[in-house]
Amino acid sequence: MDLLNNDNLKKKKNGFNILSNDSTDGHGGYGAGVMNLDNVSPVFVDPEEGEAFVDMGALHARSAVEKRIKFLKNKEEVPNGKLYWLVWVTIHSKDGKPYYAGVAGCEMTVDIEIRRGYKSLPEHVNKMDKSLKGHILVDDMDDKSKKILAEFLKTHNEQMWENSDKSLHEALEK
């Protein structure tokens with residue numbers, strides 16, 4: 001069975017939240033200072049297939065792309081890996097209008113045949129944090145992947161795209 005076919009990837013729904021309420025509401029008790037991930041979504045960009053998709057399982061490294069794959073620290077150990085970009089997309093609201101506030105892409109390669117892949121866990125965590133803080137970090141991504149991501153974000157919600165800072169548009173549409 002091909003775990004990475006489009007049908008299996010599209011079955012994932014994006015309705016999962018780690019925290020249902022804001023734990024930093026001032027009570028100072030259990031959960032104070034915990035990161036709220038309600039407004040972040042992991043978007044995979046597959047430049048080979050020319051598509052992008054949301055897989056909420058990536059919040060726990062359990063996306064369809066990552067399942068049954070042992071990730072290694074050295075990219076050279078996965079020479080035939082298929083390139084994916086895991087992009088952390090954060091949505092904020094300004095003047096009552098939602099917009100794409102933070103977008104940060106991380107490289108990942110996966111070789112299904114040998115069930116091995118490459119990703120830098122510290123990079124993924126740091127980029128997610130940067131996205132949550134409203135940074136746009138897509139310079140490492142290739143132009144084709146940026147265009148796929150831009151089209152996905154526009155198609156997903158054109159109004160959020162229009163409400164987003166022009167720096168996002170410039171970073172993805174160069």
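## A short tour of the model

Welcome! What you have open is a predicted model, with a mean pLDDT of 84 for the protein and 79% of its residues at 70 or more.

**Stop 1: the start of the chain.** Select residues 1–6, where the pLDDT is below 50. Beyond near neighbours in sequence, this stretch has 12 contacts in the model. Next, select residues 8–27, another part where pLDDT stays under 50. Here the model has 36 contacts beyond four places in sequence.

**Stop 2: a serine in a helix.** Now move along to helix 2, which covers residues 121–132, and pick out S131. Is S131 buried or exposed? S131 is buried, because its relative accessibility is 0%. To see what lies around S131, show W88, V89, T90, G102, V103 and A104, with which it is in contact, leaving aside its neighbours within four places in sequence. Then show the side chain of T90: the side chain of S131 makes a polar contact with it, at 2.7 Å.

**Stop 3: two loops.** Go to the loop between strand 4 (82–94) and strand 5 (97–111), and select D95. D95 counts as exposed because its relative accessible area is 76%. Look at its backbone too: D95 has a positive phi of about 55 degrees, although it is not a glycine. Why stop for that? Most residues other than glycine have a negative phi.

Methods: Residues are numbered from 1 along each chain as its sequence is written. This is a predicted model: local features need pLDDT of at least 70, side-chain atom pairs count only at pLDDT 80 or more; totals for chains, interfaces and linings use all residues. Side-chain values use heavy atoms; hydrogens and water are left out. pLDDT is the predictor's confidence in each residue, from 0 to 100. Contact means heavy atoms within 4.5 Å. Helices (H or I, at least four residues) and strands (E, at least two) are DSSP runs, numbered from the N terminus. Buried means under 20% relative accessible area, exposed over 50%, partly exposed in between (1.4 Å probe, protein chains only). A polar contact is a pair of N or O atoms within 3.5 Å; within protein, one must be able to donate a hydrogen and the other to accept it, and residues adjacent in sequence count only if both atoms are side-chain atoms.
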